[in-house]
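User: I would like to learn how to read a protein model. Please take me through it feature by feature.

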Amino acid sequence: TSNEWLRKTNLFLCLKELLNNIVNHAHAQNVTLIILFNNRQLTISVIDDGIGLGEPIKAGNGLYSLRKRMAECKGDVEWKNTAPGLCTTLRVTV
């Protein structure tokens with residue numbers, strides 16, 4: 001269905017954007033990708049040891065686009081600065 005295609009496309013583009021941001025902005029040496037699937041809930045966490053994320057997240061920022069894309073497929077995205085680095089989690093029901 002078109003909803004399924006939209007979810008898959010948005011997840012792919014979000015993951016691509018996250019990895020691109022790590023390569024271009026985070027100055028990270030290590031990245032961990034955790035994928036969990038439980039009770040129709042897909043959770044993808046991307047954790048890096050880079051410089052973290054400044055606030056606030058502004059319109060036009062790639063991270064703002066992540067939030068919008070995840071909302072389109074009835075999912076969400078969460079950022080949490082760690083010391084050092086950033087943990088970004090994408091969640092969607094499939």
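This is a predicted model: local features need pLDDT of at least 70, side-chain atom pairs count only at pLDDT 80 or more; totals for chains, interfaces and linings use all residues.

User: What is the mean pLDDT of the chain, and which element has the lowest value?

Analyst: pLDDT is the predictor's confidence in each residue, from 0 to 100. Here the chain averages 87, and 93% of its residues reach 70 or more. Among the elements, H2 has the lowest mean, 86, while strand S1 (residues 31-38) has the highest, 95.

User: In what order do the elements of the chain run?

Analyst: Read from the N terminus, the order is α-β-β-α-β-β. That order holds two helices and four strands. The radius of gyration is 13 Å, close to the 12 Å that the globule rule gives for 94 residues, so the chain is as compact as a globular protein of that length. Along the principal axes, the C-alpha atoms fill a box of roughly 40 × 30 × 20 Å.

User: At what angle do H1 and H2 pack?

Analyst: Helix H1 (residues 2-26) and helix H2 (residues 62-72) pack at about 160°, and their axes are 9 Å apart. Angles over 145 degrees count as roughly antiparallel, so H1 is roughly antiparallel to H2. The crossing of H1 with H2 is left-handed.

User: Which residues of H1 and H2 meet?

Analyst: On the H1 side they include Leu6, Leu13, Cys14 and Glu17, and on the H2 side they include Leu63, Leu66, Arg69 and Met70. Sorted by class, the contact has eight nonpolar, three polar and three charged residues.

User: Which residue other than glycine has a positive phi?

Analyst: His27 has a phi near 55°. His27 lies in the loop between H1 and S1.

User: Is the peptide bond from Ala83 to Pro84 cis or trans?

Analyst: The bond from Ala83 to Pro84 is cis, with omega near -5°. Pro84 sits in the loop between strand S3 (76-81) and strand S4 (86-93).

Technical notes. Residues are numbered from 1 along each chain as its sequence is written. Side-chain values use heavy atoms; hydrogens and water are left out. Axes are lines fitted to C-alpha atoms, for helices over the stretch in contact, and angles run from 0 to 180 degrees between N-to-C directions. Angles under 35 degrees count as roughly parallel, over 145 as roughly antiparallel, 65 to 115 as roughly perpendicular and the rest as oblique. A crossing is left-handed if the near helix is turned anticlockwise from the far one by less than a right angle, and right-handed if clockwise. Contact means heavy atoms within 4.5 Å. Ala, Val, Leu, Ile, Met, Phe, Trp, Tyr, Cys and Pro count as nonpolar, Asp, Glu, Lys and Arg as charged, and the others, Gly among them, as polar. The radius of gyration is taken over C-alpha atoms; the globule rule is 2.2 Å times the number of residues to the power 0.38.
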